[in-house]
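Hi everyone, thanks for coming.

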Amino acid sequence: MTTEQLVAEIRQKKSFLCIGLDVDLNKIPKHLLALEDPIFEFNKAIIDATHHLCVAYKPNTAFYEAYGIKGWKSLEKTIQYINENHPNIFTIADAKRGDIGNTSTMYAKAFFEDLSFDSVTVAPYMGKDSVEPFLAFEDKHTILLALTSNAGAFDFQTQKVEGKEVYKHVLNTSRKWRNAHNLMYVVGATKAEYLKDIREIIPDSFLLVPGVGAQGGNLQEVCKYGMNSSVGLLINSSRGIIYAGNDENFAEAASKKAKELQLQMNAIL
């Protein structure tokens, strides 16, 4: 999917909501556990109930890898279901990969070619030769971890090197990499006060913003400092939507929560 197609979807739906499909078998409704593939059935129900309210889905691969080959099959079925039924929805493999060049190439092939995701999250710590293999794929996007929403972000990301925070070095350096136009960035909603400085460095890039909802991020603050002329934001909510209900009406509860966020986004747009 191209950036232009993503922007068109945002304008059409009046939403820049991304829903995280982080499936924990200990949290999904108990009646699903009797089914052959409870993870996929849970995802399918959530997708069916929310696809008209969001522009992106983001499975965190750890929640699938934890269940071995069965979990990976559930992920494969989930992304295939989205691509076949809702091809205009942007898909994000939240895998946080990053390794030496030839290994990164294989990671990129796994997510972009085999699973057909539109994008994948990547850690920048190993530098450009660990990221450029992802960037080499046309009409695919690499979402670089820039400033994350967890408390440990302050251990390294905001520390200063030569008078400038490390995350700013990451942003500035990444702009020089080959095919940098395919880059997006992760910026946590709990770091909204940093967005003004971030936009001065990357004014046109899309930002994937987790942390709205369960982690306490404020949508209005994020939009105030982070939105650009193309919207430029994908606001992710995972637990706050998919676990809004825990009975047979769980999908309806998820739809209601997604609708609440979509209406807030519509008002901002």
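Let me start with a question: does Val231 count as buried or exposed, and at what relative accessibility? Keep in mind that what you're looking at is a predicted model. Okay, so Val231 counts as buried, at 1% relative accessibility. You'll find Val231 in the loop between α10 (219-226) and β10 (233-237). Its backbone is worth a look too: phi is near 75 degrees, a positive value in a residue other than glycine.

There's another non-glycine residue with a positive phi, Asp139, at about 60 degrees. Asp139 sits in the loop between α6 and β5 (141-147), and it's partly exposed, with a relative accessible area of 41%.

Now, on to the helices. The axes of α5 (residues 101-114) and α6 (residues 128-135) come within 8 Å and cross at roughly 30 degrees. Angles under 35 degrees count as roughly parallel, so that's what we call α5 and α6. Their crossing is right-handed. On the α5 side, the contact residues include Tyr107, Ala108 and Phe112, and on the α6 side they include Pro133 and Phe134. Overall, the residues of that contact split into 5 nonpolar, 4 polar and 1 charged.

Last stop, the core. The largest nonpolar core has 87 residues, and among those with the most contacts inside it are Phe16, Leu21, Phe42 and Leu234. Take Leu21: beyond its neighbours within four places in sequence, it's in contact with residues including Ile46, Tyr57, Pro59, Ile82 and Ile242. Thanks, happy to chat about any of that.

Conventions: Residues are numbered from 1 along each chain as its sequence is written. This is a predicted model: local features need pLDDT of at least 70, side-chain atom pairs count only at pLDDT 80 or more; totals for chains, interfaces and linings use all residues. Side-chain values use heavy atoms; hydrogens and water are left out. A nonpolar core is a set of buried Ala, Val, Leu, Ile, Met, Phe, Trp, Tyr and Cys residues joined through side-chain atoms within 4.5 Å. Buried means under 20% relative accessible area, exposed over 50%, partly exposed in between (1.4 Å probe, protein chains only). Contact means heavy atoms within 4.5 Å. Axes are lines fitted to C-alpha atoms, for helices over the stretch in contact, and angles run from 0 to 180 degrees between N-to-C directions. Helices (H or I, at least four residues) and strands (E, at least two) are DSSP runs, numbered from the N terminus. Angles under 35 degrees count as roughly parallel, over 145 as roughly antiparallel, 65 to 115 as roughly perpendicular and the rest as oblique. A crossing is left-handed if the near helix is turned anticlockwise from the far one by less than a right angle, and right-handed if clockwise. Ala, Val, Leu, Ile, Met, Phe, Trp, Tyr, Cys and Pro count as nonpolar, Asp, Glu, Lys and Arg as charged, and the others, Gly among them, as polar.
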